[in-house]
Amino acid sequence: MRNEDKLIRCCCRTTLDQKQQSGIKRLLSPALDWAYFFKKIQTESLSPLVYKTFLKLEDSEGIIPPNIQQHLKHSYYSCLGDNISYLSQLEKIIGSFQDEDIATIIFKGLVLSELIYADLGLRFSSDLDILLRKEDVFKADTILRELDYYTAFDIKNFKEYVERSKIGSLK
């Protein structure tokens, strides 16, 4: 395994003890293929997590190239800003659903950012994942359209699909 890949693996954690910090510092070196490292963490959507890990390292200044550090910082704050925006939208949607007694379960993206990472800037999200009862789908669709959202599929076809397949039936 390449040292760059070992470094990525070591950086994918939210907490670091002294032993883990020492292991990362041993892998850090100007001889690393920083272009490979950066491309890989970008491809794997790990740059915010790596950024926060590097911030926790003591005495690491000068080892990480400034351009890499700057790109990681930008990636983290961009992710954080996007997720704060998603959270604001989610609160608006859930509030509207609650006003209409639509029960929901929020999962994936933002929930993982909060429950697993405890930092909205560590996990990229590109959508909002909300689970609801099939009998509330059409009411939720109406609310979402009033809030200027749209479904990824034609809701009329969904109605036919539900009726044909009996989605949600636990018989």
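Me: How far apart are the end C-alpha atoms of helix 5, and what span should its 34 residues have?
Reply: This is a predicted model, where local features need pLDDT of at least 70, side-chain atom pairs count only at pLDDT 80 or more, and totals for chains, interfaces and linings use all residues. Residues are numbered from 1 along each chain as its sequence is written, and side-chain values use heavy atoms, leaving out hydrogens and water. Helices are DSSP runs of H or I with at least four residues, strands are E runs of at least two, and both are numbered from the N terminus. At 1.5 Å times one less than the number of residues, helix 5 should span 50 Å, which agrees with end C-alpha atoms that are 49 Å apart.

Me: Is Ser-47 buried or exposed?
Reply: Buried means under 20% relative accessible area, exposed over 50%, and partly exposed in between (1.4 Å probe, protein chains only). Ser-47 has 1% relative accessibility, so Ser-47 counts as buried.

Me: With which side chain does the side chain of Ser-47 make a polar contact?
Reply: Ser-47 lies in helix 4. A polar contact pairs N or O atoms within 3.5 Å; within protein, one must be able to donate a hydrogen and the other to accept it, and residues adjacent in sequence count only if both atoms are side-chain atoms. At 2.6 Å, the partner is the side chain of Ser-75.
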